[in-house]
Amino acid sequence: MTEFLIRHFIKDYKDVEKISVRTAYGVLASIVGIFCNVFLFAVKFVVGLVLHSVSVTADAFNNLSDAGSSIISFVGVKMAEKPADKDHPFGHGRIEYIAALVVSFLVLEVGFTFLKDSFGKILHPETMNFQIVSVVILIFSIAVKLWLGLFNRRLGEKIDSKVMMAVFTDSMGDVITTSATILSLIFFAVTGINIDGIVGVGVALVVMWAGVGIARDTLEPLIGQAIDPEVYEEIKHFVERYDGIEGTHDLIVHNYGPGRSMASIHAEVPNDVDIEQSHEIIDRIEREAAKELGIFLVIHMDPVEIRNKKILRIKETAVRILHDLDPLCSLHDFRVVHGEHQINLIFDMVVPIDYDEKKKEDLSLRMAERMKGADSRYECVITVESDYVAQGGSDDK
């Protein structure tokens, strides 16, 4: 069913990097979500009136509120599609994250309300009325919500959509709560013991935890998160595959919404090559990165020594010493300036972002001491930088 809907309602459905295609996926997921929830509301509302069942009628209005999540998703993906303008030069893609954050608040609100009602049922137990028709309706509701959740997850994974994953979590929360209701009804029918409130507390906590998870995952790209190691390696290898590029470092990626990223990177070029030739290579990489990676890439050129064997041996010594001191650190932009009585070694040292100032200073001092031990003329001029790659990505050259 999912593939059928995708193939028949999304043009160019395989081109998921295209903004218009991403929007089509979001619109499809939203419309299907609205339809399913309104359909469940209508069925449960009618059955609830016929059976005079308060629980079924209440669950019907819960489905009506769930349609709100799909409406928020629809509005979010449509607004995120808006192109760049003078006030938002990088587009409106982050609105999709904001929409997912709103959905997470709805999930938290449902969980909190369910928790409050469950405590009320524990303190003041209500008379339960087991009706097989109610159970059948609830099982049907679980089947629809389970399919809807998996549908949103499938589409969300295809286009890396936070808001669709949030709707998936919201649907799974409904599956859990409705399953708990059925469990309580069946347990009461068999034993005569009312555990509705106790089960409800457990379910409410699960739903609230899911809401917190959605909010956390959504806030990370809004606040600014570390570079995913896979993205880091992809961009690094893309730039370094060109002739005339000796290495890269200082990669920073700014996320302006799914499929909308800007990045900057330092590319090392031979210091004995004509600057216009290196500049032409850099321009070509930037253009092709936009086409192949979908990233607005800004490249800074760093000239490096690649032929002077004496300088390369000094650099190898520095790399080896730093690795001995701390294998999580690396260096780049290594330059050697000869003075009358000393040799200045100028370089940047990259350390994990969680290192405090004392640890950075201590590492710099030890590095300078070890280099001076290798040659008393060496004087280190070290600039300490933080690593922006998640999970301790490396900058080794």
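Contact here means heavy atoms within 4.5 Å of each other. The views below come from a predicted model.

**View 1. Thr-23 and the residues it touches.** Let's start with helix α2, residues 19-51, where Thr-23 has its place. Setting aside neighbours within four places in sequence, Thr-23 is in contact with Val-77, Lys-78 and Glu-81. Look at Lys-78 in particular: this residue sits 55 residues away from Thr-23 along the chain, yet the two C-alpha atoms are separated by 6.5 Å. Is Thr-23 buried or exposed? Its relative accessibility is 6%, so Thr-23 counts as buried, the cut-off being under 20%.

**View 2. The open sheet β1-β2-β3.** Here three strands line up in the order β1-β2-β3, forming an open sheet with mixed pairing. The edges belong to β1 (247-255) and β3 (295-304); each has a single partner strand, so one side of each is left without a neighbour in the sheet. From one strand to the next, the twist averages 15°. Helix α9 (residues 275-292) packs on this sheet, touching β2 and β3, and its direction makes about 155° with that of β3.

**View 3. A closer look at β2 and β3.** Strand β2 (residues 261-270) runs parallel to β3, and ten bridges join the two. Two pairs to pick out: Ser-261 has Ile-295 of β3 as its bridge partner, and His-266 has His-300 of β3.

**View 4. The stretch with a UniProt annotation.** An unreviewed UniProt entry carries the annotation "domain: Cation efflux protein cytoplasmic" for residues 228-303. In the model, that stretch is 39% helix and 37% strand, and its end C-alpha atoms are 27 Å apart.

**View 5. The open sheet β4-β5-β6.** This open sheet has three strands in the order β4-β5-β6, again with mixed pairing. Which strands stand at the edges? They are β4 (330-338) and β6 (378-387), each with a single partner strand, so one side of each has no neighbour in the sheet. On average, neighbouring strands are turned by 15° against each other, direction ignored. Seven bridges join β4 to β5 (residues 343-352), and these two run antiparallel. One of the pairs to find is Ser-330 with its bridge partner in β5, Val-350.

Methods
Residues are numbered from 1 along each chain as its sequence is written. This is a predicted model: local features need pLDDT of at least 70, side-chain atom pairs count only at pLDDT 80 or more; totals for chains, interfaces and linings use all residues. Side-chain values use heavy atoms; hydrogens and water are left out. Two strands pair if DSSP finds at least two bridges between them. Helices (H or I, at least four residues) and strands (E, at least two) are DSSP runs, numbered from the N terminus. Axes are lines fitted to C-alpha atoms, for helices over the stretch in contact, and angles run from 0 to 180 degrees between N-to-C directions. Buried means under 20% relative accessible area, exposed over 50%, partly exposed in between (1.4 Å probe, protein chains only). UniProt positions are given in the numbering used here, feature names are shortened, and annotations may be inferred rather than shown by experiment.
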